[in-house]
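Student: I would like to learn how to read a model like this one. Can you take me through it, feature by feature?

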Amino acid sequence: MGKRKRKSCIYCLYKEGSTKDHLFPRRWYPSSTSSKIQRITVPACRECNQKYAKIEDALFLRVAVSLEDPVDGARGLSEIGMKRLRFSDHPIGSKEYKVRKKAFMELLEELQPYKPESTLDGFGPKPEIRSEFAVKIGTERLLKIGEKIVKGLEYELFGRLVRPPRRVEIYPVYINDRLTPYYEKWQELLDPVKKVMNLGPAFKVEFGTDPCNAETSLFRMRIWDHITIWGWCINRTRIVRTSRNPVHQ
Ligand SMILES: [Zn+2]
């Protein structure tokens, strides 16, 4: 047998990809997902895997408690989210009590006033709850996870790594989004070349590459039938202006 080539982590690119990272975390799949649906995994180092798992957990919890169940792509997730915050039925001082209470307090501290412009498309005020507060999902979290998923899709769909100068740009869609005209243009670009990957009711990815430049790819990710995230993988020359001249990087 030949020596197996060591795979590197597809995220940081330098450590050994000694673990399998679930591109869409296992916990994110609603129970209505068929067992036949492929759960994509990619090689990742332990550090990246753990780093993303933390963000994925925090993101899941915040989205899950804001979700409504009737949509198939999100079935049962809100119940899971609420359950993970319930600490009153655990003995005070037990590990589970501490974990759940900490998660609850963190979420509480992050509550912010409801603002339509910073609310994710697919969510909105709940007339039955007379509250002007909103759960903070965290744009940073969405950007990091969006970037992770695009890197994973580049690897899974095109068999390639995202190495500089190629990089990922992520755009989560908000209510009243000022970027809407761009999204419409991007959909026009994507439609003639797009392929669709369905990963059960919770995840759908439309993707395509630029016919004139195979290094440029565009992704439209739909998660839990609520959240839409656009992702670009591009090779763009950045122009940095200095006091004297524009310098190409
Ligand atoms: Zn890594």
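Tutor: Start with the inventory: five helices and eleven strands in the chain. Helices (H or I, at least four residues) and strands (E, at least two) are DSSP runs, numbered from the N terminus. This is a predicted model: local features need pLDDT of at least 70, side-chain atom pairs count only at pLDDT 80 or more, and totals for chains, interfaces and linings use all residues. Residues are numbered from 1 along each chain as its sequence is written.

Student: What does the radius of gyration say about the chain?

Tutor: The radius of gyration is taken over C-alpha atoms, and the globule rule is 2.2 Å times the number of residues to the power 0.38. For 249 residues, the rule puts a compact globule near 18 Å; the chain has 20 Å, which agrees. Along the principal axes, the C-alpha atoms fill a box of roughly 55 × 55 × 45 Å.

Student: How many of the residues are buried?

Tutor: Count neighbours. A residue is buried if 20 or more other C-beta atoms lie within 10 Å of its own, exposed if 12 or fewer, and partly exposed in between; C-beta atoms are placed from the backbone. Here buried residues make up 26% of the 249 residues.

Student: Which domains does the chain have?

Tutor: Domain bounds come from an automatic or database domain assignment. That assignment gives domain 1 (19-134) and domain 2 (164-241). The contact between them takes 25 residues from domain 1 and 16 residues from domain 2. Two residues are in contact if their C-beta atoms, placed from the backbone, lie within 7 Å. The centres of the two domains, taken over C-alpha atoms, are 24 Å apart.

Student: What classes of residue make up the side of domain 1 that touches domain 2?

Tutor: Ala, Val, Leu, Ile, Met, Phe, Trp, Tyr, Cys and Pro count as nonpolar, Asp, Glu, Lys and Arg as charged, and the others, Gly among them, as polar. That side of domain 1 has 13 nonpolar, nine polar and three charged residues.

Student: Now the sheet. In what order do its five strands lie?

Tutor: Two strands pair if DSSP finds at least two bridges between them. The open sheet runs β5-β9-β8-β7-β6, with antiparallel pairing. Its edges are β5 (166-172) and β6 (195-199), each of which pairs on one side only. From one strand to the next, the twist averages 20°.

Student: Which helices pack on the sheet?

Tutor: Helix α4 (residues 139-158) does, touching β5, β7 (203-210), β8 and β9. The direction of α4 makes about 130° with that of β5. Helix α5 (residues 180-190) packs on the sheet too, touching β7, β8 and β9. The direction of α5 makes about 120° with that of β8. For such angles, axes are lines fitted to C-alpha atoms, for helices over the stretch in contact, and angles run from 0 to 180 degrees between N-to-C directions.

Student: How many bridges pair β8 and β9?

Tutor: Seven bridges, in the antiparallel sense, join β8 (residues 213-223) and β9 (residues 227-235). I223 has I227 in β9 as its bridge partner, and L218 has W232. Their hairpin has three residues between the strands, and W224 takes a positive phi near 55° there. On to β5 and β9: they also pair antiparallel over seven bridges. R167 stands opposite I234 in β9.

Student: What does E117 contact beyond its sequence neighbours?

Tutor: Leaving aside neighbours within four places in sequence, E117 is in contact with Y174 and N176. E117 is in the loop between β3 (112-113) and β4 (133-134). E117 and D177 are 60 residues apart in sequence, and their C-alpha atoms are 6.8 Å apart in space.

Student: Where is the cis peptide bond?

Tutor: It joins P164 and P165, with omega about 10°. P165 belongs to the loop between α4 and β5.
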